[in-house]
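Please consult the sequence and the structure shown here before reading on.

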Amino acid sequence: MTYSERKPNENQTISDVFILVGFSYLTRLQILLFLVFLVIYLVTLVGNLLIILLIKLNPSLHTPMYFFLLNLSFLEICYTSSVVPQLLAHLLVEQKTLSIAGCAAQMYIFTIMGLTECCLLAAMAYDRYIAICNPLHYRTIMSGQVCAQLVGASWTIGILVEVVQTTWIFSLPFCGSNRIHHFFCDIPPVIKMACTDTSKNQIVVLALSVLFIMSPFLLIILSYICIISTILKLPSAEGRCKAFSTCSSHLMVVTLFYGTALFTYLRPKSISTPEGDQMISLMYTVVTPVLNPIIYTLRNKEVKGAFRRTIGKSISSHNQRN
């Protein structure tokens, strides 16, 4: 299956709706895909909401690391909710249409959440760097005000950059076939719908990707170089294991998120196919958001302890009422 070529009416402007082809070619698997994605989406919502509630209800988790994790969980809910509900609806209907305004709204939310998460992951790496490399001054450096400023800066960068970029993309004229060979309005397939020369737009998108995706990534790499260097200098193996365990969950999340994002937006277009693009997109829109709460709960003793205490309090409170 390949992207549709422009038809004879290629100069006809698209002013109404796009058709998201998505997984239409998997006709017999539509219901199965719906059930699988629905279960994953519900697990994502429950897992991330659980993390938010645990952090809110347990004073022992009121630390900078868990403040960032709370914001990450909120981002993941918004991020996946900008894509999956519409994907689920389209798996159940014949006409997989989305208005241009709806497509723009989806891209605004998705890209803002994605870039904000890039910056937030960098802030979390900085937090781990201070905790391990400068522990005596950790509480002073990572004060509540500094944490709020780092989160605020992440949101500000995400909103400003992606509002400008998405507004620019949707100022382009769209014409010809209105079929988008994707399951949501991602940047590359939407730009392909433009009937003007988009080479400059693609260069700008690449430049923004390099600047605002790679810059946080490089900060994360530098943080972990310093962290690993410090951990290796610790005298005891137990101390090294304990120090590394405090950042292993974050490192796994960064690997999942950036691995798929970098491969999607920075790989050569010559090796791109519609089916391959959709499989990769499923990784960062559906799979990664469901893995993050699993990683942070199963690999984190403090979160598991907070979960047991919360359940214990709930059972105790229920028994007292009876």
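## Terms and basis

A residue is called buried when its relative accessible area is under 20%, exposed when over 50% and partly exposed in between (1.4 Å probe, protein chains only). The model is predicted: local features need pLDDT of at least 70 and side-chain atom pairs count only at pLDDT 80 or more, while totals for chains, interfaces and linings use all residues. Residues are numbered from 1 along each chain as its sequence is written, and side-chain values use heavy atoms, with hydrogens and water left out.

## Helix α6

Helices are DSSP runs (H or I, at least four residues), numbered from the N terminus. Helix α6 covers residues 144–169, 26 residues in all. The distance from its first C-alpha to its last is 37 Å, close to the expected 38 Å, a value given by 1.5 Å times one less than the number of residues. Its buried residues are Cys147, Val151, Ser154, Gly158, Val161, Glu162, Gln165, Thr166 and Ile169.

## Nonpolar cores

A nonpolar core is a set of buried Ala, Val, Leu, Ile, Met, Phe, Trp, Tyr and Cys residues joined through side-chain atoms within 4.5 Å. The largest comprises 67 residues, and those with the most contacts inside it are Phe37, Phe68, Leu72, Leu121, Ile220 and Tyr258. Helix α4 gives the most to this core, with 13 residues. Apart from it lies another core, of 19 residues, including Leu98, Leu172, Val190 and Val205.

Beyond its neighbours within four places in sequence, Leu121 is in contact (heavy atoms within 4.5 Å) with Leu72, Ile220, His250, Val253, Val254, Phe257 and Tyr258.

## The largest pocket

On a 1 Å grid over the protein atoms alone, a pocket is an open set of points with protein on both sides within 12 Å along at least five of seven lines; a cavity is a set where a 1.4 Å probe fits but cannot get out, and lining residues have an atom within 4 Å of a point. Grid points are joined across faces, edges and corners, and a volume is the space filled by probe spheres set on the points.

The largest pocket has a volume of about 870 Å³. Of its 33 lining residues, Met65, Arg128, Lys242, Thr246 and Glu302 lie nearest the centre. Helix α9 supplies the largest share of the lining, eight residues.

## Enclosed space

The whole structure holds two cavities of 30 Å³ or more. The second largest cavity contains about 60 Å³ of space. Helix α3 (residues 84–90) gives the most to its lining, with three residues.

Key:
Helix = DSSP H or I, 4+ residues; strand = E, 2+ residues; numbered from the N terminus.
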